[in-house]
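Try each task before you read its solution.

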Amino acid sequence: MNEYGRAAGALERFNRCDAAHAAEAIQRDFRNLIAIFDHQLGSLPHDELPAQSHISEAKRTAERGLELVEDLVELLRTSR
């Protein structure tokens, strides 16, 4: 069996239920990460502009990741 055949077989064994559970776990992780960033932003002094900027950008990135994984969770749920 070549590399492609092994990869295709592994993909077939990875069922959608497992994928949905993995996506839901990633979704929870993104939500927790966003909450951490919110907490950090709320506890920073107002004169810490560089740190606020970096944390805000990290939060926006996590929010985009959350949106993507929410779409993935919905797609996996509807394709069962």
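**Confidence first**

The mean pLDDT (the predictor's confidence in each residue, from 0 to 100) of the protein is 86, and 78% of its residues reach 70 or more. This is a predicted model, where local features need pLDDT of at least 70, side-chain atom pairs count only at pLDDT 80 or more, and totals for chains, interfaces and linings use all residues. Residues are numbered from 1 along each chain as its sequence is written, and side-chain values use heavy atoms, without hydrogens and water.

**Exercise 1.** Find which elements have the lowest and the highest mean pLDDT.

*Solution.* Start with the elements: the protein has three helices and zero strands, where helices are DSSP runs of H or I with at least four residues and strands are runs of E with at least two, numbered from the N terminus. Next, compare them: helix α1 (residues 3-13) is lowest at 56, and helix α3 (residues 49-78) is highest at 95. A caution to finish: where pLDDT is low, the predicted coordinates should not be read in detail.

**Exercise 2.** Decide whether Q27 is buried or exposed, and list its contacts.

*Solution.* First, locate Q27 in helix α2 (residues 16-43). Then apply the cut-offs (buried under 20% relative accessible area, exposed over 50%, partly exposed in between; 1.4 Å probe, protein chains only). Q27 is buried because its relative accessibility is 10%. Finally, setting aside neighbours within four places in sequence, Q27 contacts (heavy atoms within 4.5 Å) L66, V69, E70 and V73. Buried residues of α3 include L66, V69 and V73.
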